[in-house]
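This briefing covers aromatic contacts and a ligand site. The structure is shown first.

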Amino acid sequence: MTLLELRDLAVTYRGETGDVPAVRGVSLGLEAGEALGVAGESGSGKSTLAMSLLRLLPRNASVSGEILLDGEDVLTMSWGRLRAVRWASASLVFQGAQHALNPVRRIGDQIAEPLRVHGMATGAEARRRVTELLEQVGLPAWRARGYPHELSGGQRQRVMIAMALACSPRLIVADEPTTALDVMIQAQVLSLIRSLIAEHGIGLIMISHDLSVLASTCDRLAVMYAGRVVESGPSREVFTGGRHPYSRALAEAFPTVGDPASRMAPKGLGGDPPDPAHLPTGCSFHPRCPVSLVSCASEPVELRVAGDGTGAPHTAACVHVSEESR
Ligand SMILES: Nc1ncnc2c1ncn2[C@@H]1O[C@H](COP(=O)(O)OP(=O)(O)O)[C@@H](O)[C@H]1O
Ligand code: SF4
Ligand SMILES: [Mg+2]
C-alpha cells in the first residue's frame, strides 16, 4: 500500500481581508523508503502542505481533499488517533526547529519525551534508546546530559532529527531542515538524513526552495508554484531536464547544493511570486514566463504527461508539453 497519498488537497486561510488559497488541488503519492522533494519559492504553499499532513494548521485554515496515511485519512481521524499518529507514524522536522528545543531541559530528556508520551519506553530503556538515537545522528552519548546552548546549529538540528526518529516513524516530513545552516554543515546533515531514511526504509518528504538540495537527496521532485504542483517526476529529469519553465528557472537559480552566492541572489528568476490572495488568471506563472503564449493569460493548464511514458511518471502543467509527445 502507498505510504502517503494526497488526493486533491486544498488549503485556504480565511482572513479578515479575504481568503488565501495557499494549496490548490495537490495530488501526490509516496512509497515507504522513498524520498520526495517539494520545491518552490517562498509563499508557494510548501509549509502549508507540510503542516496539513499532520493537521497542524492554524484554526483559520480550511482543508479539503484526502490525506491517506497507510490508507487512513488524516483529515477525518479522531483527535485520539491523531495524537497516536503524530510522532509514532509520522513526524515533522521544521525550519529553525533547532530553536524549538527547550533551553532549560537536558537534551536526553527532550529526546526521550516522545518515547514517554507514547508509552514506548521509560527509565533505563528510554536512556538506552536516547544513546542509540544520538549515535545514529552522529552525536556522542554524553551529549544527553547537556543543554541546547552547548550545541552548534548543526548539532541542534541533529537532535531534532533524533527526536523525529525516536518513535520509529514510517514518514518524516522535513521542512527546510538545513536552510539555516552553513554550507558544510548543510551537506553533512543532508547526507545524514539520506542515510537514515535508506537504512530504516522511512518515507521522506523534504521541502526546500533550493532545487539542488532536493535533487541531491530525493528520488522524486514536485515543484510547487502558487499552491499547485506544476511539475513532478524523477529528480534527475526534473532538475536537469525540467519541462515547466518555472522548474528550469529554479534549477538555474540554485545550480549547486547550498551555494551561498545563489542563496543570496538567485539567478534566472525575474519578478516576484504571486500573492495567493490575488492570483493571475490562466497559468499563474504567465506574468513571469519567458515562453508564454497569449492563451496562457486566460486558460489554466492542468498537469500533462511530460516524460516519454515509459519510465517513472513525469508530469508538467504547461501548454508547451503536449500529450502527443509521449
Ligand atoms: N496562518 C496564516 N494565515 C493566512 N495566510 C497564511 C498563513 N500562513 C501562511 N499563509 C499564506 O499562505 C501562503 C503560503 O505560505 P507557506 O505555506 O508558508 O509557503 P512556503 O512555505 O512555500 O513559503 C503565503 O501567501 C502565506 O502568506
Ligand atoms: S502554460 Fe504558458 S505561461 Fe504557463 S508555464 Fe507554460 S508557457 Fe509559461
Ligand atoms: Mg515555508
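Which residues form one aromatic cluster? In this predicted model, the cluster is formed by Tyr225, Tyr246 and Phe285.

**Aromatic cluster**
- Three aromatic pairs are found in a search of the whole structure.
- One of the aromatic pairs joins Tyr225 and Tyr246 edge-to-face, at 4.5 Å centre to centre and with 65 degrees between the planes.
- Because Tyr225 lies in strand β9 (residues 220–225) and Tyr246 in helix α9 (residues 245–253), this pair ties together parts that are 21 residues apart in sequence.
- Tyr225 counts as buried, with 3% relative accessibility, and Tyr246 is buried with a relative accessible area of 0%.
- Tyr246 also forms an edge-to-face pair with Phe285, at 5.3 Å centre to centre and with 65 degrees between the planes.
- Phe285 lies in the loop between α10 (260–264) and β11 (304–305) and Tyr246 in helix α9, so their pair ties together parts that are 39 residues apart in sequence.
- Phe285 is buried, as is Tyr246.

**Charge over a ring**
- Arg55 lies over the face of Trp79, 4.7 Å from the ring centre.

**Ligand 2**
- The largest cavity is the space taken by ligand 2.
- There are 13 residues around ligand 2, and those that come nearest are Cys283, Cys289, Cys296, Cys318 and His320.
- The shell around ligand 2 has nine nonpolar residues, four polar and no charged.

Technical notes. Residues are numbered from 1 along each chain as its sequence is written. Chains are lettered from A and ligands numbered from 1 in the order in which they are written. This is a predicted model: local features need pLDDT of at least 70, side-chain atom pairs count only at pLDDT 80 or more; totals for chains, interfaces and linings use all residues. Side-chain values use heavy atoms; hydrogens and water are left out. A residue is near a molecule or strand if one of its heavy atoms lies within 4 Å of it. On a 1 Å grid over the protein atoms alone, a cavity is a set of points where a 1.4 Å probe fits but cannot get out, and a pocket is an open set with protein on both sides within 12 Å along at least five of seven lines; lining residues have an atom within 4 Å of a point. A molecule sits in a cavity or pocket if more than half of its atoms lie within 2 Å of its grid points. Ala, Val, Leu, Ile, Met, Phe, Trp, Tyr, Cys and Pro count as nonpolar, Asp, Glu, Lys and Arg as charged, and the others, Gly among them, as polar. Rings of Phe, Tyr and Trp (its six-membered ring) pair if their centres lie within 6.5 Å; planes under 30 degrees apart count as stacked, over 60 as edge-to-face and the rest as tilted. Helices (H or I, at least four residues) and strands (E, at least two) are DSSP runs, numbered from the N terminus. Buried means under 20% relative accessible area, exposed over 50%, partly exposed in between (1.4 Å probe, protein chains only). A charge sits over a ring if NZ of Lys or CZ of Arg is within 6 Å of the ring centre and within 35 degrees of the ring normal.
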